[in-house]
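Subject: The structure I promised you

Hi there,

Here is the structure we talked about. Have a look at it first, and then read on for my notes.

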2 protein chains.
Amino acid sequence: MTKIITISREFGSGGRELGRRLADRLGIPFYDKELIRMAADDIDIEEHIFEMYDDAFMEKKEVEYTPFSSIYEVPMSDQTFMAQSRVIRRLAQHGPCVIVGRCADMVLKDEQCLNLFIYASFKKRVQRLMTRENLPETELRQMERRVREIDRKRRDYYQYYTGNEWGKPQNYHLCLDSHKAGMDACIDAAIAYMAHLD
Amino acid sequence: MTKIITISREFGSGGRELGRRLADRLGIPFYDKELIRMAADDIDIEEHIFEMYDDAFMEKKEVEYTPFSSIYEVPMSDQTFMAQSRVIRRLAQHGPCVIVGRCADMVLKDEQCLNLFIYASFKKRVQRLMTRENLPETELRQMERRVREIDRKRRDYYQYYTGNEWGKPQNYHLCLDSHKAGMDACIDAAIAYMAHLD
């Protein structure tokens, strides 16, 4: 039986691509960045502001995390998270789908989900990103720093919003190395496992 | 293509049973405690001494960890580990098999293996052991302590002999929750994943 599938992933592990391919295989919707726009509509914040605060946590921009909205008196980044969470719950009500990132596993902890964590060795993830972005060898050190930094921010984001440890197996049904056997191996394994879920 | 499969597991997760069933499904040998006896033969130590030092690390007995043999001048527990490692490598040369515990993933790190980590929530593991050992509710606290203690010893053992972190996803191909979808789910997922390994 097809479920809602949430994917957490190390940067460069190919978790997003894997999620998209898994959704294609199962013929169900795939959600990632679109969530942001849908969430923006949901709480009626201008989209570019919304994206700025979200990206500030997830990517590399330096902005202040704790501006307070005059209406809600909660930090803007928390408003973003709460709005995204509402959208995630709404999507989950519509039926099976694949949702990447945004702590969807914890947002939907009361739903019937399959929670995956996708990872690969640091070296392989850096190589994958260098190839994908067609970068020269001179950019290697910078890419290594970027991978460490984005992983750290994902870990912080997950810890901050869920209180749990990002990438700890016990938070997921399955944790899969996406490099050692390739993405099809992960997709087949996830589908085989999911077939046994109630 | 069937490989050598190594299984690390949290205490009470059913990793050993899972390994045995996986071996049955694949029609290949399964190795666990037998390793100790084979290793004992290998270095010609009396079996009861051998088992005592091995169990001291893995289970709950209190013995001194650092007696020195007059022949090798390395701690007896290290001799045990080295002897087991030799046996594991010998078994691996004979072809596909399933090996549970004993840091087999790291002992065979230069071989073509599928390395699995099996876990389940603390609560479910305690429940499983209580049921398996047919214990009354009054024994619950003691079983909880036992699970924590054996997990801690497995973690220490792995850390001591491999220098790596036990249960960290990046050390394994696949990490599987054995309770949420059941053992057949884990077995099917492992077989589906393994089919893609070179």
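Below is what I found, going from the single chain to the pair and then to a few residues.

Please keep in mind that this is a predicted model.

**The chain**

Chain A is built from eight helices and five strands. Starting at the N terminus, their order is β-α-β-α-α-α-β-α-β-α-α-β-α. Of the 198 residues in chain A, 54% are buried. If you take the contacts in chain A between residues at least 6 apart in sequence, 70% of them join residues at least 24 apart.

**How the two chains relate**

Chain B can be laid on chain A by a rotation of 180° with 0.0 Å of shift along the axis, and the RMSD is then 0.0 Å. This is the relation of a two-fold axis. If you want to find the axis from the side of chain B, look for B:Ala189: its C-alpha is the nearest to the axis in that chain, at 2.1 Å. Both copies use the same surface, since 100% of the contact residues of chain B recur in chain A.

**The nonpolar cores**

The largest nonpolar core has 48 residues, and the members that touch the most others are Leu116, Leu176 and Tyr193, each from both chains: A:Leu116, A:Leu176, A:Tyr193, B:Leu116, B:Leu176 and B:Tyr193. Beyond its neighbours within four places in sequence, B:Tyr193 contacts A:Leu176, A:Asp177, A:Lys180, A:Ala181, A:Ala185, A:Cys186 and A:Ala189 in chain A, along with B:Leu114, B:His173 and B:Leu174 in chain B. Apart from this core there is another, of 46 residues, including A:Tyr31, B:Tyr31, B:Val107 and B:Tyr172.

**Two crossing helices**

In chain A, helix α6 (residues 122-132) and helix α7 (residues 140-162) have axes that come within 10 Å and cross at roughly 115°. The crossing of α6(A) past α7(A) is right-handed. On the α6(A) side the contact is made by A:Phe122, A:Arg125, A:Val126, A:Leu129 and A:Met130, and on the α7(A) side by A:Leu140, A:Met143, A:Glu144, A:Val147, A:Arg148 and A:Asp151. Sorted by class, that contact has seven nonpolar and four charged residues, with no polar ones.

**A glutamate in chain B**

Is B:Glu144 buried or exposed? B:Glu144 sits in helix α7 (residues 140-162) of chain B. Its relative accessible area is 17%, so B:Glu144 counts as buried, the cut-off being under 20%. Leaving out neighbours within four places in sequence, B:Glu144 is in contact with B:Phe122 and B:Val126.

Happy browsing!

Definitions and conventions. Residues are numbered from 1 along each chain as its sequence is written. Chains are lettered from A and ligands numbered from 1 in the order in which they are written. This is a predicted model: local features need pLDDT of at least 70, side-chain atom pairs count only at pLDDT 80 or more; totals for chains, interfaces and linings use all residues. Side-chain values use heavy atoms; hydrogens and water are left out. Copies are superposed by least squares on the C-alpha atoms of residues with pLDDT of at least 70 in both. Contact means heavy atoms within 4.5 Å. A nonpolar core is a set of buried Ala, Val, Leu, Ile, Met, Phe, Trp, Tyr and Cys residues joined through side-chain atoms within 4.5 Å. Buried means under 20% relative accessible area, exposed over 50%, partly exposed in between (1.4 Å probe, protein chains only). Axes are lines fitted to C-alpha atoms, for helices over the stretch in contact, and angles run from 0 to 180 degrees between N-to-C directions. Helices (H or I, at least four residues) and strands (E, at least two) are DSSP runs, numbered from the N terminus. A crossing is left-handed if the near helix is turned anticlockwise from the far one by less than a right angle, and right-handed if clockwise. Ala, Val, Leu, Ile, Met, Phe, Trp, Tyr, Cys and Pro count as nonpolar, Asp, Glu, Lys and Arg as charged, and the others, Gly among them, as polar.
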